[in-house]
Amino acid sequence: GVPAVVDLAAMREAMEKLGGDPQKINPLSPVDLVIDHSVMVDAFGSQKAFGENVDLEFERNRERYEFLRWGQTAFRNFRVVPPGTGICHQVNLEYLSQTVWTNDDTGRTVAYPDTLVGTDSHTTMVNGLAVLGWGVGGIEAEAAMLGQPVSMLIPEVVGFKVT
């Protein structure tokens, strides 16, 4: 996730140097960056252990999380789900999946199926909710976020959600 935000920031900088509008550089599809599997276990065996471990995680990775928070506020279509929220496939299943999306940008409401391109090995668990999910590598996920062809296996679908 961090390299994707770095790439977007670099593209904005290049756009500005070329005299263009850097605000035009955004993910083309909704992106939810779920930070999971990052909490180390320092404290255990008490009711306060989870909170202590998450606090240490934020302390150890402060710069990275500040950068990602900046990305969330700087770019449209980009949200960050912080560490300590849950593991990626749990967050996809319980919070992010909508099954059906709607869009009324054209003045009429259009409904389309939810899709997911994710880098977690459990991405396809979301298929249990009738959400079409593909597990891919990080480079392919970033390509989907930027509107680039991802693979011959992935048909063009409106509204990719990259996590």
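Predicted model: local features only at pLDDT ≥ 70, side-chain atom pairs only at ≥ 80, totals over all residues.
User: OK, how many salt bridges does a search of the whole structure find?

Analyst: The search finds five, where a salt bridge is a side-chain nitrogen of Lys or Arg within 4 Å of a carboxyl oxygen of Asp or Glu. One of them joins Asp32 to Arg79, with the closest N and O atoms 2.5 Å apart. This pair links distant parts of the chain, since Asp32 lies in strand S1 (residues 31–34) and Arg79 in strand S2 (residues 78–81), 47 residues apart. Strands (E, at least two residues) and helices (H or I, at least four) are DSSP runs, numbered from the N terminus.

User: And those two, buried or exposed?

Analyst: Asp32 is buried, with a relative accessible area of 2%, whereas Arg79 is partly exposed at 44%. Buried means under 20% relative accessible area, exposed means over 50%, and partly exposed is in between, using a 1.4 Å probe and protein chains only.

User: Which residue does Glu66 pair with?

Analyst: Glu66 forms a salt bridge with Arg62, and their closest N and O atoms are 3.4 Å apart. The two are separated by about one helical turn, because they are four residues apart in helix H3 (residues 62–74). Glu66 is partly exposed at 45%, and Arg62 is partly exposed at 46%.

User: What about Arg64?

Analyst: Arg64 forms a salt bridge with Glu57, the closest N and O atoms being 3.8 Å apart. Arg64 is partly exposed, at 33% relative accessibility, but Glu57 is buried at 1%.

User: Switching to helices, how do H2 and H3 cross?

Analyst: The axes of helix H2 (residues 49–60) and H3 come within 5 Å and cross at roughly 80°. H2 is therefore roughly perpendicular to H3, given that angles under 35 degrees count as roughly parallel, over 145 as roughly antiparallel, 65 to 115 as roughly perpendicular and the rest as oblique. Axes are lines fitted to C-alpha atoms, for helices over the stretch in contact, and angles run from 0 to 180 degrees between N-to-C directions.

User: Which residues meet there?

Analyst: Glu57, Phe58, Glu59 and Arg60 of H2 meet Arg62, Arg64 and Tyr65 of H3, where contact means heavy atoms within 4.5 Å.

User: And H1 with H3, at what angle do they pack?

Analyst: Helix H1 (residues 2–17) packs against H3 at an angle of about 55°, with the axes 10 Å apart, so H1 and H3 are oblique to each other. Residues making this contact include Val2, Val5 and Ala9 of H1, along with Phe67, Leu68 and Trp70 of H3.

User: Last topic, where are Asn77 and Thr99?

Analyst: Asn77 is in the loop between H3 and S2, and Thr99 is in the loop between helix H4 (88–96) and strand S3 (100–103). Phi is near 65° for Asn77 and near 70° for Thr99, both positive values in residues other than glycine.

Note on methods:
Residues numbered from 1 in each chain as written. Heavy atoms only, no water.
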